[in-house]
2 protein chains.
Amino acid sequence: MTGRSLRLGAGGEFDRLRAMFAALGAAGRDLGDDCALLPVGGRRLAISIDLSLEGVHFRTDWLSFREIGWRATAAALSDLAADGAAPLGVLVSLGVPWNVQRATYLVDVCVLGLAARPVRRSGARPGDGLWVTGRLGGAGLALAGLRTGRGRRLAPALRRRFAHPIPRIAAGRWLARRGGRAMIDISDGLAADAGHLAAASGVRVEIELERIPRWPGVTPLAAARSGEEYELLVALPRSFGTAGARAFRRATGLALTQIGRCTSGRGLRVTDDGRRITPPRGFNHFGVS
Amino acid sequence: MTGRSLRLGAGGEFDRLRAMFAALGAAGRDLGDDCALLPVGGRRLAISIDLSLEGVHFRTDWLSFREIGWRATAAALSDLAADGAAPLGVLVSLGVPWNVQRATYLVDVCVLGLAARPVRRSGARPGDGLWVTGRLGGAGLALAGLRTGRGRRLAPALRRRFAHPIPRIAAGRWLARRGGRAMIDISDGLAADAGHLAAASGVRVEIELERIPRWPGVTPLAAARSGEEYELLVALPRSFGTAGARAFRRATGLALTQIGRCTSGRGLRVTDDGRRITPPRGFNHFGVS
């Protein structure tokens, strides 16, 4: 009658999630995006929930509690940004060890927002350009520094990038208004998230590694793998062009860089200076990638 | 810079929460109810989040995973019931041990609903009657049986009461429509939750212990202490009366029993056959009550 371990089926985290969604039939059809969307009183409510566990998503010897709370909230708000939604409210569950031997902290953040024109992962079309906000690799570089125990010597800007990420709310809303067709935030790593967007949209995504905007000292490959960056990856119609990117920078203060395109086909294709390479793997919450 | 243990201040769970709300100033004014309320497109959205942790809220040797999921979801939906809201959607965070030594499961459930006429904890007035749905003590009785290792011999109805609670959604909506002034679900125990309602409403709550509707074999004192019952405690105007209770039973199939009243004053007053007794303490998630 009672089980001691939960059977989730074979495969990695995403395979298991897909199997769960499939088991839900029609009710699971719209699952797997950054936010759930609910019509309420003629508006479109966007909701997301994001769990941060000590030892999996944070360490209390790397970050202060204030920073842990900020990161957990920013990660959840980043899902609203990826749908082009404006935040309405935040609900938080805290797990705090209390006179117990086994001390594990957790923060679970549920965010609610309104999306006038929600941008899903599934709207990219062949011919769209693929663009990314900001620059990538800082979070991964900081993490590498913290892992080798050199955390105290992280440059302040690098530490801030890791400990105090800024969810791209204004950027997401701007891109939604200006015709963004598909959008995802970079939490699993650019290559992995581009793969999610390609799968959801039913297109092939082609990325030119050398075009990825990077944090100083980060290789293109490391930038494509770095998780928890909380920048936005967005498919925009070809007409958007460099004039669009200039208008974006004026509006948000952020760079917007074309790193590839969507074509007909399936999956992810990555080139490095024109040579095709195996797509780098991303960040896997279930352990080794 | 980084801390190893979170300082929450002195006192029990509720003292600490009150101190946090006070620190938020005006932004924390409406906190502490079963649900947060958000106006969306002319409707009133009710939202709640409820965390269930292995070893604190459930044990995998007492319940199946299906039952653990049901209970966690029912507990969250019960908060919507206590506001008189109709459920719209559910978001779930799961923590599942994965190739790790330290195996702790968790389920965090965020529920969203619409409340046409939300009933808060704070609306009770002197003169209101205090009523409770269903009958109390079954969850505590089942828990006692499970704790002594006699879980396998629990009567099926008792086991169902514990493992498969039914959130009182229809009852909550009916009571909201029929003029319920203040409402709370019984998760911490009747006496403790009556104390919360009294504090939020600024009234004295008087309970006559012998009137509490009870699960067979449960003493009035045990019924007043039993937590995770997920019945509703509601303050109704005096005019509601026994005719109201009969109409409630016809509409919902549940009993509605008057167990006391609200008077001017503060706090909780409990009598047992007319003799005043010390209010029984409730269920405390932070450990010993």
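Me: In β10(B), which residue is the bridge partner of B:V205?
Reply: The model is a predicted one. Strand β7 (residues 204–208) of chain B pairs with strand β10 (residues 267–272) of chain B in the parallel sense, over five bridges. Within β10(B), the bridge partner of B:V205 is B:L268.

Me: In what order do the seven strands of the open sheet in chain B run?
Reply: The pairing in this sheet is mixed. Its edge strands are β6 (182–185) and β11 (275–277) of chain B, each pairing on one side only. From one strand to the next, the twist averages 30°. The order is β6-β8-β5-β9-β7-β10-β11.

Me: At about what angle to β10(B) does helix α6 of chain B run?
Reply: Helix α6 covers residues 190–201 of chain B. It lies across β5 (129–133), β6, β7, β8 and β10 of chain B. Its angle to β10(B) is about 140°.

Me: Which helix of chain B lies across β6 and β8, running at about 170° to β6(B)?
Reply: The strand β8 here spans 232–236 of chain B. The helix in question covers residues 65–83. It is α2 of chain B.

Me: Which strands are the edge strands of the four-strand open sheet in chain B?
Reply: That sheet has the order β1-β2-β4-β3, with antiparallel pairing. Each edge strand pairs on one side only. The edges are β1 (36–40) and β3 (86–95) of chain B.

Me: Which residue in β4(B) does B:G89 stand opposite?
Reply: Strand β3(B) runs antiparallel to strand β4 (residues 106–114) of chain B. Nine bridges join the two. Opposite B:G89 stands B:L112.

Me: Which residues touch the most other members of the largest nonpolar core?
Reply: This core holds 144 residues. One of those asked for, B:L233, is in contact with B:L130, B:V132, B:M183, B:I184, B:I186, B:L190, B:D193, B:A194 and B:L197, leaving aside neighbours within four places in sequence. The residues that touch the most other members are A:L190, A:L233, B:L190 and B:L233.

Me: Is A:V234 buried or exposed?
Reply: A:V234 is found in strand β8 (residues 232–236) of chain A. Leaving aside neighbours within four places in sequence, it is in contact with A:W131, A:L175, A:G180 and A:M183. Because A:V234 has 32 C-beta neighbours inside 10 Å, it counts as buried.

Me: How many Å apart in space are A:V234 and A:G274, C-alpha to C-alpha?
Reply: In sequence, A:V234 and A:G274 are 40 residues apart. In space, C-alpha to C-alpha, they are 22 Å apart.

Me: What span should helix α8 of chain B have at 1.5 Å a residue?
Reply: The helix has 12 residues, 241–252. Its end C-alpha atoms are 17 Å apart, which agrees with the expectation.

Me: Which residue with a positive phi follows α8(A)?
Reply: Helix α8 (residues 241–252) of chain A reaches 17 Å from its first C-alpha to its last, close to the 16 Å expected. The residue that follows has a phi near 80°. It is A:G253.

Me: What is the radius of gyration of chain A?
Reply: Chain A has eight helices and 11 strands. The globule rule gives 19 Å for 289 residues, and the chain comes close to that, so it is as compact as a globular protein of that length. Its radius of gyration is 19 Å.

Me: Among contacts in chain A between residues at least 6 apart in sequence, what share joins residues at least 24 apart?
Reply: Buried residues make up 44% of the 289 residues in chain A. The C-alpha atoms fill a box of roughly 60 × 50 × 35 Å along the principal axes. The share of those contacts joining residues at least 24 apart is 79%.

Note on methods: Residues are numbered from 1 along each chain as its sequence is written. Chains are lettered from A and ligands numbered from 1 in the order in which they are written. This is a predicted model: local features need pLDDT of at least 70, side-chain atom pairs count only at pLDDT 80 or more; totals for chains, interfaces and linings use all residues. A nonpolar core is a set of buried Ala, Val, Leu, Ile, Met, Phe, Trp, Tyr and Cys residues joined through C-beta atoms within 7 Å. A residue is buried if 20 or more other C-beta atoms lie within 10 Å of its own, exposed if 12 or fewer, and partly exposed in between; C-beta atoms are placed from the backbone. Two residues are in contact if their C-beta atoms, placed from the backbone, lie within 7 Å. The expected span of a helix is 1.5 Å times one less than its number of residues. Two strands pair if DSSP finds at least two bridges between them. The radius of gyration is taken over C-alpha atoms; the globule rule is 2.2 Å times the number of residues to the power 0.38. Axes are lines fitted to C-alpha atoms, for helices over the stretch in contact, and angles run from 0 to 180 degrees between N-to-C directions.
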